[in-house]
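Subject: Structure for your review

Dear colleague,

Please find below the structure that I am handing over to you.

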Amino acid sequence: MVAGPLTRALILAAGRGSRLGRLTESAPKALMEIAGDSLIARLVRQCVAAGVDRVDVVDGHEGKQIERALADVSHPVTVDFIRNADYATTNNIVSLGLGLRHLRDRHRGDLLLIECDVVLEDSVLPRLVAHPAIDLAVVSPFRVGMDGTVVRLDGEHVRELITTARQGPFFSHVDTYKTVNIYKLSHGLWSSKLLRLVDWYADEISSSAYYENAIGMIAYASGDALASMIIEPETWHEVDDPND
């Protein structure tokens, strides 16, 4: 089973990747190479293989390099770019808002939301697209060494998203799953509930927040709003620092 003709992917690639130090001083994290492919070119290729017919990229730091690099890669899919001019002073909640507003009047179908620093096995996105749930978070059993937002599940559904800011020194990761930073979202969720919450949170709470705060509000308010797809830790990796 592959994606329907209206399925699009939104890739967030605006950040500086400052934790990678010199590796991203003059080039964006999205262009770091893994096994001969840049992170973002690999993701675009995997989106195409999953049946996605259009990809939108929110860029910022050295964004022109990303645009030139993808223009030089042969792929049977249209790629559009949205610039986050405030990438240096905001977080990915602003990038997501820009991307969703760009898509609101252009797209009426499902959306794959993907962060550019994720390395996946080729099987993950086709499995995500084929999953029967219409709103879905990809998660992975927590392992020592992982960092970032985690979730707790209630059966197959996400009950709670817990960002790093809420993980104090005595926080227990027992029964938690790491977010893989990939979501499948129905048009009804991303174009209405999520966009409104993202804009409100960035305006009223903090533009330096992570978009998981907004997704977490949706999951918490309705216990069955967001299903989960569990993948094994060996099938993915997040590139955050030189050790990765």
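In this predicted model, helix α3 (residues 92-104) and helix α5 (residues 187-205) have axes that come within 9 Å and cross at roughly 140°. An angle over 145 degrees would count as roughly antiparallel; α3 and α5 are therefore oblique to each other. Their crossing is left-handed. On the α3 side, the contact is made by Ile93, Val94, Leu96, Gly97, Leu100, Arg101, Leu103 and Arg104. On the α5 side, the residues in contact are Trp190, Ser191, Leu194, Leu195, Val198, Asp199, Tyr201 and Ala202. Sorted by class, this contact of α3 with α5 has 11 nonpolar, 2 polar and 3 charged residues.

Helix α5 also packs against helix α6 (residues 212-221), at an angle of about 125° and with the axes 9 Å apart. The helices α5 and α6 are therefore oblique to each other as well. The crossing of α5 and α6 is right-handed, whereas that of α3 and α5 is left-handed. From α5, the residues that make the contact are Leu189, Lys193, Leu194, Leu197, Val198, Trp200 and Tyr201; from α6, they are Asn213, Ala214, Ile215, Met217 and Ile218. The contact of α5 with α6 comprises 10 nonpolar, 1 polar and 1 charged residues.

How many cavities of 30 Å³ or more does the model contain? The count comes to 1. The largest cavity has a volume of about 40 Å³, and its lining is formed by Leu185, Leu189, Ile215, Ile218 and Leu226. By class, these lining residues are 5 nonpolar, with no polar and no charged residues.

With kind regards

Methods: Residues are numbered from 1 along each chain as its sequence is written. This is a predicted model: local features need pLDDT of at least 70, side-chain atom pairs count only at pLDDT 80 or more; totals for chains, interfaces and linings use all residues. Side-chain values use heavy atoms; hydrogens and water are left out. Axes are lines fitted to C-alpha atoms, for helices over the stretch in contact, and angles run from 0 to 180 degrees between N-to-C directions. Helices (H or I, at least four residues) and strands (E, at least two) are DSSP runs, numbered from the N terminus. Angles under 35 degrees count as roughly parallel, over 145 as roughly antiparallel, 65 to 115 as roughly perpendicular and the rest as oblique. A crossing is left-handed if the near helix is turned anticlockwise from the far one by less than a right angle, and right-handed if clockwise. Contact means heavy atoms within 4.5 Å. Ala, Val, Leu, Ile, Met, Phe, Trp, Tyr, Cys and Pro count as nonpolar, Asp, Glu, Lys and Arg as charged, and the others, Gly among them, as polar. On a 1 Å grid over the protein atoms alone, a cavity is a set of points where a 1.4 Å probe fits but cannot get out, and a pocket is an open set with protein on both sides within 12 Å along at least five of seven lines; lining residues have an atom within 4 Å of a point. Grid points are joined across faces, edges and corners, and a volume is the space filled by probe spheres set on the points.
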